[in-house]
Amino acid sequence: MCSSDLYPITLPTDGPFLRRECPSCERQFKWHHGPTDERPDDEPHLSTYFCPYCGCEAEDSQWWTQKQLDYARSVVAAPVMNEIASELELDQRFRSASRKGAIKFSMTSSSPEVPAPLIEPDDMIIVQSPCHSWEPIKVADDWEAELHCLVCGGTFVVG
């Protein structure tokens, strides 16, 4: 599972692999969530990655799938809406208590439902680039064209 520190959002993984989506070609693949044991100790943390399919380079925060984004928005909506409703209710009580003869109104709200957790299937095949083998990825089973290394963008062919 992959989770966020800011809000309690947990995304499912396929073993150690997290589903990602290219912001350019929109194809999905999976990358290893967290460092592998084979990763060199002196390897710097990456801020950009390359799409294994089209070679597009993008910041590490741009690879979320649409399902992951929709899920995160839904999970965050409930506590945010509850907080807003609570603040508005307190504000209205204060105003009506401090003013005589003011127009009163009441507000009711229903919290958005928290969505069911996402499920991550065990799909795709694991491949490793020859140049950065410590960064394995999972790609579509039927992909036959060359691939790009997640780390450097170099091309390689699988089997």
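This is a predicted model: local features need pLDDT of at least 70, side-chain atom pairs count only at pLDDT 80 or more; totals for chains, interfaces and linings use all residues.
Let me start with a definition: a residue counts as exposed when its relative accessible area is over 50%, and as buried when that area is under 20%. Anything in between is partly exposed. Keep that in mind.

First stop, Glu26. Is Glu26 buried or exposed? Its relative accessibility is 55%, so Glu26 counts as exposed. Where does it sit? Glu26 is in the loop that runs between β3 and β4, and β4 covers 28-32. Now look at its backbone. Phi of Glu26 is near 65 degrees, which is positive, and this residue is not a glycine. Why point that out? Because most residues other than glycine have a negative phi.

There is another one to look at. Met124 has a phi near 75 degrees, again a positive value in a residue other than glycine. Met124 is in a loop too, between α1 (66-98) and β7. Its surroundings read differently on the accessibility scale. Met124 has 16% relative accessibility, so it counts as buried.

On to the sheet. Which order do its strands take? The order is β3-β4-β8-β7. That makes an open sheet of four strands, and the pairing is antiparallel. At the edges are β3 (17-21) and β7 (125-127), and each of them pairs on one side only. From one strand to the next, the twist averages 35 degrees.

Zoom in on the β7 end. β7 pairs with β8, residues 137-139, in the antiparallel sense. How many bridges join β7 and β8? Three bridges. Pick out Ile125: its bridge partner in β8 is Val139.

Last topic, the cysteines. How many disulfides are there? The count comes to zero. The cut-off matters here: a disulfide needs two cysteine sulfur atoms within 2.5 Å. Take Cys51. Its closest cysteine sulfur is in Cys22, at 3.7 Å, so that is too far for a bond. Now Cys54. Its closest cysteine sulfur is also in Cys22, at 3.6 Å, and that too is too far for a bond.

Cys54 comes out at 32%, so it is partly exposed.

To recap. Glu26 is exposed, and Met124 is buried. Both have a positive phi. The sheet is open, with four strands. And the disulfide count is zero.

Conventions:
Residues are numbered from 1 along each chain as its sequence is written. Side-chain values use heavy atoms; hydrogens and water are left out. Two strands pair if DSSP finds at least two bridges between them. Helices (H or I, at least four residues) and strands (E, at least two) are DSSP runs, numbered from the N terminus. Axes are lines fitted to C-alpha atoms, for helices over the stretch in contact, and angles run from 0 to 180 degrees between N-to-C directions. Buried means under 20% relative accessible area, exposed over 50%, partly exposed in between (1.4 Å probe, protein chains only).
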